[in-house]
Amino acid sequence: MDISKRRFMQSAAAAAAFGAVPHASAQTPVREAAQAAAGGEHVQPLTLNVNGRPYVLALEPRVTLLDALREYLGLTGTKKGCDRGQCGACTVLVNGRRINSCLSLAVAHAGDEIVTIEGLARAGKLHAVQAAFVEQDAFQCGYCTPGQICSAVGLLAEAAAGAASGASADVRDLRPLALSDAEVRERMSGNICRCGAYPNIVAAVKKAGGAA
Amino acid sequence: MNSFSYVRVSDVESALREGGAAGSRFLGAGTNLLDLMKGGIERPQRLVDVTRLPLTAIEQLPDGGLRIGAMATNSDAANHPLVRTRYPLLSQALLAGASPQLRNMATVGGNLLQRTRCYYFYDSAFAQCNKRNPGSGCAALEGYNRIHAILGASDQCIAVHPSDMAVALAALDAVVRVRGPKGERAIPLGEFHRLPGDTPQRDTNLEHGELITAVELPASRFTKSTYLKIRDRASYAFALVSVAAALDMQGSTVRAARIALGGVAHKPWRAMQAEALLAGSALDTGLLRKAAAAAVEGAKPYRDNAFKVELARRAIVRAVQTAGGMA
């Protein structure tokens with residue numbers, strides 16, 4: 001457990017830097033902070049595996065995955081927009097698939113592999129989708145961007161696996177298809193951008209997918 | 001959200017034991033239930049997480065039909081090769097619903113149990129909602145009722161069922177497999193959801209503690225089909241009107257037709273009269289218009305949704321034409 005403990009302290013330091021752990025001072029390890037904050041009924045021990053690291057927590061079941069990431073782990077890259085599954089700002093990858101973390105309980109994700117925007121870059125090198133968003137200027141205010149990028153990473157995996165979409169001409173055709181603008185727009189429709197950066201987002205997703 | 005206890009179950013027996021207790025609710029992905037809990041509309045005391053039950057398989061049945069495990073995600077069901085090639089109508093309907101993220105989470109069983117998106121049901125600031133608070137009245141009757149029912153409603157409730165998947169399942173004569181304290185039973189899709197009548201608080205005929213284990217489809221003879229969804233934006237919106245149309249054709253003659261409507265009633269609405277009119281005849285536009293008119297006979301629109309009657313008629317014509325290769 002020594003390694004885990006060191007990881008709590010690293011997380012606590014990172015979290016404290018952003019001031020995001022509720023009811024916690026900068027010196028408080030994340031685990032204690034979570035217990036202190038989740039002092040209500042039905043608190044359960046829980047290990048979340050996020051970006052390849054285990055985080056041991058004690059949370060009430062009503063804490064969503066989104067709130068666990070932001071408020072208890074200090075991973076504030078994932079954004080809270082509507083908090084009701086309508087905007088996609090909270091999109092993360094769970095076992096390689098994109099989901100809305102706001103409509104999912106943290107406790108339901110024990111044993112899952114969770115990847116957030118903070119976990120996409122490798123050894124200081126941006127993920128291809130991140131690089132494409134920078135290159136294509138695919139954001140304005142940036143608030144929806146972490147969700148857009150995680151969603152696009154999921155989209156590319158789905159497309160590579162031959163998944164159909166509402167824009168597919170014939171779902172009986174099982175061959176992987178080229179990502180046209182219409183396909184990208186349909187497949188990214190779960191992510192709303194209030195600034196309206198859609199044309200550049202479409203360009204970035206196509207670029208990252210090797211289609212442009 | 002109210003405080004509740006949570007337990008994850010890994011076998012059906014445990015699920016039935018835990019789910020049967022008073023105050024318990026089954027939790028699928030939670031894409032609708034958690035949303036309702038955030039709004040204070042649902043306040044379960046205990047959630048029994050059934051998403052890890054071994055009910056995710058999608059497999060062919062000996063009679064040529066298909067069984068879809070209740071915990072299969074909407075994405076997995078939509079993309080399974082057997083669904084895409086033999087029941088493309090179901091795949092299309094699934095892909096027309098929600099967003100990719102939500103489909104990656106939502107289960108097939110949960111999709112059937114999602115609740116109406118009536119604004120007055122969702123917003124507890126409105127005192128009147130017979131579905132939320134039986135006996136309180138229906139704010140939608142005199143309110144902004146553009147998205148509401150035109151068929152099968154009552155003066156207690158004019159809400160519509162929001163699922164696209166269920167509309168395709170209604171057209172495909174699906175059967176819902178259920179297990180409960182009293183054993184196992186099979187509920188035809190058409191009898192699974194209820195009309196509001198005097199008990200709009202009950203969406204389905206499922207009893208407390210009963211668990212959906214699978215949805216089964218008969219071998220499909222409807223080789224020509226389409227799902228047409230009309231909504232306020234191009235994607236990621238609930239249907240104003242949708243049509244699942246499936247045809248069994250012999251040459252240019254319709255042997256049998258299946259037509260189900262979404263967005264018009266408290267349950268997926270089978271247009272049996274229209275189906276009967278098409279059976280045995282060649283597909284021509286005049287007959288189709290007659291069938292479409294029959295489908296909405298007796299429709300009762302409210303102040304803001306009269307457009308749905310004409311929209312449903314035209315959508316039926318377009319969907320059947322598309323399915324039959326006429327459009």
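Author: Two residues are in contact if their C-beta atoms, placed from the backbone, lie within 7 Å. Helices (H or I, at least four residues) and strands (E, at least two) are DSSP runs, numbered from the N terminus. This is a predicted model, in which local features need pLDDT of at least 70 and side-chain atom pairs count only at pLDDT 80 or more, while totals for chains, interfaces and linings use all residues. Residues are numbered from 1 along each chain as its sequence is written, and chains are lettered from A and ligands numbered from 1 in the order in which they are written.

Reader: Which residues of α5(A) meet which residues of α7(A)?
Author: From α5(A) come A:Gln148, A:Ala152, A:Leu155 and A:Leu156, and they meet A:Ile201, A:Val205 and A:Ala208 of α7(A). By class (Ala, Val, Leu, Ile, Met, Phe, Trp, Tyr, Cys and Pro count as nonpolar, Asp, Glu, Lys and Arg as charged, and the others, Gly among them, as polar), this contact of α5(A) with α7(A) has six nonpolar, one polar and no charged residues.

Reader: At what angle do α5(A) and α7(A) pack, and how far apart are their axes?
Author: In general, two packed helices are described by the angle between their axes and the distance between the axes. Axes are lines fitted to C-alpha atoms, for helices over the stretch in contact, and angles run from 0 to 180 degrees between N-to-C directions. Here α5 (residues 145–160) and α7 (residues 198–208) of chain A pack at about 40 degrees, with their axes 10 Å apart. The two helices α5(A) and α7(A) are therefore oblique to each other, given that angles under 35 degrees count as roughly parallel, over 145 as roughly antiparallel, 65 to 115 as roughly perpendicular and the rest as oblique.

Reader: What does α5(A) do with α4(A)?
Author: Helix α4 (residues 128–135) of chain A packs with α5(A) at an angle of about 130 degrees, their axes lying 9 Å apart, and α4(A) and α5(A) are therefore oblique to each other. In this pair A:Val129, A:Gln130 and A:Phe133 of α4(A) meet A:Thr145, A:Ile149, A:Ala152 and A:Val153 of α5(A). The classes in this contact of α4(A) with α5(A) are five nonpolar, two polar and no charged residues.

Reader: In what order do the strands of the open sheet in chain A stand?
Author: Two strands pair if DSSP finds at least two bridges between them. In chain A five strands form an open sheet in the order β2-β1-β5-β3-β4, with mixed pairing. The edges are held by β2 (53–59) and β4 (97–100) of chain A, each with a single partner strand, so one side of each is left without a neighbour in the sheet. Neighbouring strands of this sheet are turned by 40 degrees against each other on average, direction ignored. Strand β1 (residues 44–50) of chain A runs antiparallel to β2(A), and seven bridges join them; the bridge partner of A:Pro45 in β2(A) is A:Ala58. Helix α3 (residues 65–72) of chain A packs on the sheet, where it touches β1 and β2 of chain A, and its direction makes about 105 degrees with that of β2(A).

Reader: How many residues of chain A are in contact with chain B?
Author: There are 33 residues of chain A in contact with 31 residues of chain B. The elements β4, α5 and α6 (181–187) of chain A each supply at least two residues of the side that touches chain B, and β4(A) gives the most, with four residues.

Reader: Is α5(B) buried or exposed?
Author: A residue is buried if 20 or more other C-beta atoms lie within 10 Å of its own, exposed if 12 or fewer, and partly exposed in between, with C-beta atoms placed from the backbone. Nine of the nine residues of helix α5 (residues 88–96) of chain B are buried, so α5(B) is largely enclosed by the rest of the structure. What covers the buried residues of α5(B) includes α3 (74–79), α4 (81–86) and β10 (241–250) of chain B.

Reader: How many residues of β7(B) are buried?
Author: Among the six residues of strand β7 (residues 183–188) of chain B the count of buried residues is zero, and β7(B) is hardly covered. Strand β6 (residues 175–180) of chain B pairs with β7(B) in the antiparallel sense over six bridges, and a hairpin joins β6(B) to β7(B) through two residues.
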